[in-house]
Amino acid sequence: MCMYEVSNKIFVKEESAGEMGTSFAEMNRSDNSNAKKGPTKDFNAFKDFHESETIASILAAWMEFSGMVDIEGVPTVRKLPDSAILKKWGNDQKRVWLSNEIDEFLKVYVFTKTSQQINEFVTAVEELDTQERSGYPCRECGEIFNTHPTRVDHERTQHGKVSNSTEEMDEFGYYICRLHCGKTYKTKQGRNRHERSQHPDQGDELLDQTDVTPEPDQEDKSEDCVNNYHIACLTFGLLMMLFSDSVKEGDSTSLLKFLKVALLMLHSYHRVKYAYVVLC
């Protein structure tokens, strides 16, 4: 149920009721008032709606991917093999063709990052996991530290190494002091407290800037927010389908893949207790 609570937190917003295509708007349109209560109060209604919404997202995306005008139409972009060829194919050949089509579909609508970006992310996670287990070596003298922030603090005080990065986080996902004193923190709140206490003059100004909501004409137009929303919704729905199918089929390998992703999502959305249970 906790993953559905995460989905409810991400995608279901009452203020989006007037925006066609959002989860809350679709709940209104389908007269599914029980699902609006959320998974905590009516789990079955929310789960049924979530599954139906995922199926609708898959169908809509596949129609666009294959070039279908309507649900009864014929694909014009990703065309079906000729009927004569299909008659000659065995089940294995049909399965391979369909699997290849699904792979291409997922590359367009789910795995939108390049393989290089994904590999870089995986490498960074593996490096972080290794150092969490064995300690963080100083990048100057090799001394081992239990945490990344203490390592950075040592490099700053003993070797004069201070990051001049303008990014909010370093390569390990720790928040960097924006006043360039070299300190790093695991959470944004910890970083903000440090800036208020150690840099009171400039720290308060930075926090004020962070709290300012951009005007509509100042918002970043480079991002297609509607497209991003539906891709995220589709991806989350497919993830939950993976869990459901893994349980039904008794597929422990697929279930383990789901749990690895679920662990990160539960931790990101402050379901730390459940993340710990998954980890164990």
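**Exercise 1.** Which residue meets Lys183 in a salt bridge, and at what N to O distance?

*Solution.* The model is predicted, so local features need pLDDT of at least 70 and side-chain atom pairs pLDDT 80 or more, whereas totals for chains, interfaces and linings use all residues. Residues are numbered from 1 along each chain as its sequence is written, and side-chain values use heavy atoms, without hydrogens and water.

Step 1. A salt bridge requires a side-chain nitrogen of Lys or Arg within 4 Å of a carboxyl oxygen of Asp or Glu. The side chain of Lys183 meets that of Asp153 at 3.6 Å, N to O.

Step 2. This pair links distant parts of the chain, 30 residues apart: Lys183 is in the loop between strand 3 (175-176) and strand 4 (184-185), and Asp153 is in helix 7 (residues 148-159). Helices (H or I, at least four residues) and strands (E, at least two) are DSSP runs, numbered from the N terminus.

Step 3. Accessibility is classed as buried (under 20% relative accessible area), exposed (over 50%) or partly exposed (in between), with a 1.4 Å probe and protein chains only. Lys183, at 27%, is partly exposed; Asp153, at 25%, is also partly exposed.

**Exercise 2.** Determine whether Arg191 and Glu195 are buried or exposed, and place their salt bridge in its setting.

*Solution.* Step 1. The closest N and O atoms of Arg191 and Glu195 are 3.7 Å apart.

Step 2. Both residues belong to helix 8 (residues 188-198), four residues apart, about one turn of the helix.

Step 3. Arg191 and Glu195 are both buried. They join Glu168, Arg178 and Lys188 in a network of salt bridges.
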